[in-house]
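These are my notebook entries on one structure. I set down what I looked up, entry by entry.

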Amino acid sequence: EEFELHYQPKVRLADASMIGMEALLRWRHPERGLVAPNEFVPALEDTGLIVAVGDWVVREACRQLQHWARAGLTPVPIAVNLSARQFERGDLYATIARHLAEHGVSPGMVELEVTESCLMSDPEDAVRQLERLRAAGLRISVDDFGTGYSSLAYLTRLPLSALKIDRGFVNAAISEPQSAAIVKMVIDMAMRLHFDVVAEGIETPEHVGFLREHGCEVGQGYLFGRPVPAAEIARRLRR
């Protein structure tokens, strides 16, 4: 019971209003304090424990949504990250549906984030599982888009809601023409495919201006808030 979720706001760039959040796993070690995920998630993946932990993340996000609603707050959707191992298990839909039902959470309040590499480990199975989840009302987005190797033809088959532009491209977009071109291309492609587009890693007003100029309406990053524990996000929900 040393894992906990922190939440980073996802905002509308026009007015910085919070319209969602991403749940991010943290480990509060009894001696080392708060441990960043890059120090322990690879071990979870190598051992297969990422499946049990990923299941806990979905359950905890649903529990938190229920808690906020009961406290009289108006929650916003929570995005959770899925690993390739969770897809490989084959019962992803049943697991998520059980947690939603247990906590009385509407499917529209949960967004599933997957990486391109996760999808490409078994593309046909990924399409089948995502179609079932999407039909149930969950939103699905591709995280860190542009860093993997997915084929654009394959992308059109996926029942996606959104593409998230990788933070590396966003950070560099105002200083590197190549990164700026990639960001503009992803925004244009997402709009033409009728996907929402979310920019990660926004740190300055200049980033916001560039993104809005090219049609991106939603983003997240340190400019709008770092990942924080549930109690701090609750204060923002009260406002």
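In which strand does Gln8 lie? I found Gln8 in strand β1, residues 3-12. Helices (H or I, at least four residues) and strands (E, at least two) are DSSP runs, numbered from the N terminus.

I noted that this is a predicted model, in which local features need pLDDT of at least 70 and side-chain atom pairs count only at pLDDT 80 or more, while totals for chains, interfaces and linings use all residues. Residues are numbered from 1 along each chain as its sequence is written, and side-chain values use heavy atoms, with hydrogens and water left out.

**Entry on Gln8**

I then looked up its side chain, which forms a polar contact of 3.0 Å with the side chain of Gln220. A polar contact is a pair of N or O atoms within 3.5 Å; within protein, one must be able to donate a hydrogen and the other to accept it, and residues adjacent in sequence count only if both atoms are side-chain atoms. Beyond four places in sequence, the residues that Gln8 touches include Gly20, Met21, Tyr222 and Arg226; contact means heavy atoms within 4.5 Å.

**Entry on Tyr222**

I looked up Arg226 and found that it lies over the face of Tyr222, 3.8 Å from the ring centre. A charge sits over a ring if NZ of Lys or CZ of Arg is within 6 Å of the ring centre and within 35 degrees of the ring normal.

**Entry on aromatic pairs**

How many aromatic pairs does the structure hold? I recorded 5 aromatic pairs. Rings of Phe, Tyr and Trp (its six-membered ring) pair if their centres lie within 6.5 Å; planes under 30 degrees apart count as stacked, over 60 as edge-to-face and the rest as tilted. One of the pairs is Phe3 with Phe40, which is tilted, with 5.6 Å centre to centre and 35° between the planes. Phe3 lies in strand β1 and Phe40 in helix α1 (residues 37-47), so this pair ties together parts that are 37 residues apart in sequence. Phe3 is partly exposed at 28% relative accessibility, whereas Phe40 is buried at 5%. I also noted one aromatic cluster, formed by Phe3, Trp27, Phe40 and Trp56.

**Entry on Leu119**

I placed Leu119 in helix α5, residues 116-120. Leu119 is buried, because its relative accessible area is 3%. Among the residues it touches beyond four places in sequence are Val114, Leu130 and Leu158.

Note on methods. Buried < 20%, exposed > 50% of the residue type's maximum accessible area, 1.4 Å probe, protein only.
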